[in-house]
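Here's a quick look at some charged side chains and who they pair up with. Have the coordinates open as you read.

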Amino acid sequence: MRLTEVEAYAGPADPGSHAYRGRTERNAVMFGPPGHAYVYFTYGMWHCLNLVCGPEDHPSGVLLRAGEVRHGHEWAHQRRPKARNDHELAKGPARLATALGVDRRLDGSDVCAGTDAPLSILTGHPARPEQILSGPRTGVGGEGATHPWRFWIDGEPSVSPYRAHTPRRRNATRRQVGT
């Protein structure tokens with residue numbers, strides 16, 4: 001897979017980061033050494049894949065948001081049978097993790113351990129600098145929304161669409177008790 005879109009998260013200083021409120025059992029990998037996978041389960045149905053980037057005890061990571069499947073199309077299509085075309089196989093963080101077969105069992109995996117590891121990062125052919133754009137992160141609100149820490153390859157069809165943060169609304173009607 002060739003990565004086409006990523007987002008950066010700066011740990012305790014970043015309200016958008018899972019490490020913003022400190023270490024938990026779920027995010028413990030982010031506090032470990034760099035070069036490891038942080039895999040989390042979201043919305044009760046999807047996995048997302050991050051790479052830990054900061055030094056130990058200084059959590060930061062990069063969410064892998066989208067990619068172009070270059071090898072193993074048959075496996076990716078088996079895992080993502082509803083994808084209408086190859087560009088949709090890994091268009092978005094949950095789709096990327098699904099296409100790669102990533103789940104919580106890979107949380108903490110050393111992605112720098114080499115090609116025999118269950119998950120590894122390989123050297124590829126980088127995009128030209130003028131093709132790489134940046135902007136606000138998808139779905140991040142508040143102070144975290146101001147950082148242009150989403151990076152993507154311009155014109156790449158596997159890049160997911162930008163979605164601004166939408167605050168949750170509480171039910172405006174109150175139940176009256178006793179009437």
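## A buried pair

Let's start with Glu-156 and Arg-2: both are buried. This is a predicted model, so keep that in mind throughout. The two side chains form a salt bridge, with N to O at 3.5 Å. Arg-2 sits in strand β1 and Glu-156 in the segment after β6 (150-153), so this pair ties together parts 154 residues apart in sequence.

Glu-68 counts as partly exposed, at 25% relative accessibility.

The structure as a whole holds 11 salt bridges.

Now for the loop between α2 (93-100) and β5 (132-135), which is where you'll find Asp-103. Is Asp-103 buried or exposed? With a relative accessible area of 17%, Asp-103 falls under the 20% cut-off, so Asp-103 counts as buried.

Asp-103 forms a salt bridge with Arg-105, whose closest N and O atoms are 2.4 Å apart. Arg-105 itself counts as exposed, at 72% relative accessibility. Leaving aside neighbours within four places in sequence, Asp-103 is in contact with Val-39 and His-47.

Methods:
Residues are numbered from 1 along each chain as its sequence is written. This is a predicted model: local features need pLDDT of at least 70, side-chain atom pairs count only at pLDDT 80 or more; totals for chains, interfaces and linings use all residues. Side-chain values use heavy atoms; hydrogens and water are left out. Helices (H or I, at least four residues) and strands (E, at least two) are DSSP runs, numbered from the N terminus. Buried means under 20% relative accessible area, exposed over 50%, partly exposed in between (1.4 Å probe, protein chains only). Contact means heavy atoms within 4.5 Å. A salt bridge is a side-chain nitrogen of Lys or Arg within 4 Å of a carboxyl oxygen of Asp or Glu.
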